[in-house]
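Here is my note on the fold, for reading beside the model. Please check each point against the structure.

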Amino acid sequence: MPTNSHAIHDDSTVEGSIGEDSVDISQLRTPNKVDLSAVYGFLGARTTPDWVAAAIADLPLIIQDHANCEKKAAGTAMNLLFRYEFSYDLQRKLAQLIREEMLHYEQVLGIMNERGQEWRYLSAGRYAKGMLKHKRTYEPAAMIDVLIIGAFIEARSCERFAALAEVIDDERLAKYYRYLLKSESRHFEDYLALAQSLSTENIDERVAFFREVEAELITSPDTELRFHSGTPA
């Protein structure tokens with residue numbers, strides 16, 4: 001897909017709203033419908049039914065790993081905030097992303113508390129490492145690759161929230177996943193826009209490369225169940 005058309009969104013598209021969001025998920029307004037066609041078109045494969053079944057069978061693990069993902073996403077944006085201090089627009093966008101990701105992290109912590117779920121150690125899965133091992137080693141190519149990888153992580157998160165929301169028995173949790181679709185469905189475009197802004201060449205070829213890598217990680221057998229893991233082995 002052409003990436004030159006992606007632009008950093010204005011404030012009006014950032015969940016307008018961070019002030020209107022609440023840590024209490026019962027107060028959140030869930031959109032009636034979110035168009036995920038761009039997400040599905042961006043990804044190279046859809047989540048397998050076997051992963052969905054395994055996730056439903058071990059929701060506590062999926063919920064905690066989701067919390068880890070939100071925390072890591074905020075950390076990634078924070079690192080970029082310090083790295084690219086020269087751009088006002090970029091700094092503003094990253095600050096918005098950090099606030100949003102940390103709000104989601106706090107919301108998931110609240111869900112865990114509601115369910116009486118204690119925090120336990122979870123090792124990182126193979127997903128992010130499986131993509132990062134292909135990152136180029138020189139700048140700005142390395143950072144461009146990191147941002148493209150971030151786009152795939154965000155798009156996959158959105159796709160999995162939608163898959164879980166369709167089948168999960170816990171309506172409160174399903175409603176929360178549907179609520180997340182609005183923000184998560186645009187995050188991948190933000191990362192792509194940032195990647196393209198750092199490159200003097202079109203990044204489509206690099207995006208296509210990571211699309212294949214990501215799809216392989218999602219569809220191939222995986223011995224660990226995580227929010228971004230592959231098909232359960």
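**Notes on the model**

1. Start with Ile62. Leaving aside neighbours within four places in sequence, Ile62 is in contact (heavy atoms within 4.5 Å) with Trp51, Ala55, Leu164, Tyr177, Leu225, Arg226 and Phe227.

2. A word on the source. This is a predicted model, where local features need pLDDT of at least 70, side-chain atom pairs count only at pLDDT 80 or more, and totals for chains, interfaces and linings use all residues. Residues are numbered from 1 along each chain as its sequence is written, and side-chain values use heavy atoms, with hydrogens and water left out.

3. Overall layout. The protein has eight helices and two strands; these are DSSP runs, helices being H or I with at least four residues and strands E with at least two, numbered from the N terminus. The order along the sequence is α-α-α-α-α-α-α-α-β-β. Among contacts with a separation of 6 or more, 81% join residues 24 or more positions apart.

4. Burial. Of the 233 residues, 52% are buried. Buried means under 20% relative accessible area, exposed over 50%, and partly exposed in between (1.4 Å probe, protein chains only).

5. The core. The largest nonpolar core holds 63 residues, and Phe42, Ile62, Phe152 and Tyr177 touch the most other members. Such a core is a set of buried Ala, Val, Leu, Ile, Met, Phe, Trp, Tyr and Cys residues joined through side-chain atoms within 4.5 Å. Helices supplying at least two residues of this core include H1 (37-42), H3 (59-83), H4 (88-114) and H8 (204-219). H6 gives the largest share, 14 residues.

6. Helix H2 (49-57). Which residues of H2 are buried? They are Trp51, Val52 and Ala55. Seen down the axis of H2, these fall within an arc of 100° (taken from the directions from the helix axis to the C-beta atoms), so they line one face of the helix. An α-helix has 3.6 residues a turn, so residues three or four places apart point the same way. The face turned away from the buried side carries the exposed residues Pro49 and Ala57. Cover for the buried residues of H2 includes H3, H6 and strand S2 (231-232).
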